[in-house]
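Hi,

Here is the structure I promised to pass on, and my notes follow just below it. Please have a look at the model first and then read on.

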Amino acid sequence: MNLSFNQLNKYFGSFHVLKDIEFEVQSNRIFGFLGRNGAGKTTSLRILMDVFKADSGFITIDGKPFNPQDYKIGYLPEERGMYSKSKVKDQLIYFAMLRGATKSDAMASVAYWSKRFEVDQYLDKKLETLSKGNQQKIQITQAFLNEPDILILDEPFSGLDPVNSQLFQDALLEYKAADKIVIFSSHQMSYVETFCDDIAIIDFGEIVLKGDLKIIQKEMGAGKYRIKSKEGSLKDKLVAEGFSVDEDQKSLIVILKEGVTQNSLLKWILDQDIELELLSEYVPSLHKIFVGQVGDQA
């Protein structure tokens with residue numbers, strides 16, 4: 001499946017929230033939708049779910065107009081939206097039936113996903129009695145009910161310990177392989193970088209970067225190399241030779257100057273009798289890319 005957002009615009013009064021946004025989400029690939037608070041992510045997703053209407057533009061799926069009623073959509077909001085004083089099982093069945101399941105199908109789906117996410121022992125408890133992590137697992141469980149065609153996850157790892165994070169990661173990767181559309185939104189860039197094949201970054205209602213994450217990283221790292229050695233004066237020597245040098249906690253980051261290749265850089269370093277610990281192509285982190293796209297305006 002190919003879900004396409006086409007020149008969507010949205011106003012709240014005179015405030016222009018979304019400005020001709022365009023991007024595509026493909027099944028079998030996890031899509032990361034990123035942006036600072038208030039950038040327009042939630043508004044975009046609510047238009048997809050038919051909570052809001054776009055003022056102009058349209059959404060298509062496989063080239064045809066997208067009608068949310070024709071597809072099962074699972075949604076995990078960033079803010080918890082379940083009922084704290086109700087029993088977990090009752091409200092999971094309720095949410096499944098709201099999405100069109102019969103009661104027997106809802107009960108079967110609740111039984112499967114609650115066992116999958118290891119919360120079946122809490123089904124007869126009130127949500128408020130559970131730990132923060134287990135409440136998050138219940139929220140995740142409700143998003144997967146009825147095996148949705150489109151799964152939207154907003155900060156899914158919030159409150160999860162490493163063991164439960166791995167449990168969810170395994171389910172997410174299996175879901176990716178099942179020809180489903182997965183939209184993943186998070187400020188935890190390490191998770192996005194681990195799972196997402198494609199990304200779009202929205203800032204002040206405009207898409208400022210989109211595409212295959214690995215290709216974006218390769219293009220933004222082109223002509224840059226990580227260099228590390230025990231030689232404390234290496235940075236000064238590189239700068240004196242005319243190289244632009246940055247650094248982070250891992251190593252120096254050297255930008256090749258015109259006419260210099262990786263091999264000639266390596267030869268120059270060896271000629272200086274410098275013992276290298278690392279020389280590799282520089283791949284910028286998603287955190288670095290994100291800050292570079294929206295940080296100046298922030």
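The lining of the largest pocket takes at least two residues from each of β6 (73–76), α2 (88–98) and α4 (132–144). Helices here are DSSP runs of H or I with at least four residues, strands are runs of E with at least two, and both are numbered from the N terminus. This is a predicted model, so local features need pLDDT of at least 70 and side-chain atom pairs count only at pLDDT 80 or more, while totals for chains, interfaces and linings use all residues. Residues are numbered from 1 along each chain as its sequence is written, and side-chain values use heavy atoms, with hydrogens and water left out.

The space in that largest pocket comes to about 580 Å³. Of its 17 lining residues, Met49, Ile73, Tyr75, Leu98 and Arg99 are the closest to the centre. By type, the lining divides into ten nonpolar, four polar and three charged residues. (A pocket is an open set of points on a 1 Å grid over the protein atoms alone, where a 1.4 Å probe fits, with protein on both sides within 12 Å along at least five of seven lines; lining residues have an atom within 4 Å of a point. The volume is the space filled by probe spheres set on the points, which are joined across faces, edges and corners. Ala, Val, Leu, Ile, Met, Phe, Trp, Tyr, Cys and Pro count as nonpolar, Asp, Glu, Lys and Arg as charged, and the others, Gly among them, as polar.)

After α2 comes Gly100, with a positive phi near 105°.

β6 belongs to an open sheet of six strands with mixed pairing, in the order β6-β7-β8-β3-β9-β10. The edge strands, each pairing on one side only, are β6 and β10 (206–212). Two strands pair if DSSP finds at least two bridges between them. β6 runs parallel to β7 (residues 150–154) over four bridges, and Tyr75 has Ile152 in β7 as its bridge partner. α4 packs on the sheet, where it touches β6 and β7, and its direction makes about 165° with that of β6. (Contact means heavy atoms within 4.5 Å; axes are lines fitted to C-alpha atoms, for helices over the stretch in contact, and angles run from 0 to 180 degrees between N-to-C directions.) Helix α7 (residues 213–220) also packs on the sheet, touching β9 (198–203) and β10, at about 100° to the direction of β10.

Elsewhere, β1 (residues 2–12) and β2 (residues 15–26) form an antiparallel pair over eight bridges. Lys10 stands opposite Leu18 in β2. Two residues separate the strands in this hairpin, and Gly13 has a positive phi near 65°.

Leu18 turns up again among the contacts of Ser44, together with Phe5, Ile21, Phe33 and Ile202, leaving aside neighbours within four places in sequence. Ser44 lies in helix α1 (residues 41–48) and is buried, with a relative accessible area of 0%.

By contrast, Glu275 is exposed at 57%, in the loop between α9 (262–271) and β14 (276–281). Not counting residues up to four places away in sequence, Glu275 touches Ser229 and Lys230.

Best wishes

Definitions and conventions: Buried < 20%, exposed > 50% of the residue type's maximum accessible area, 1.4 Å probe, protein only.
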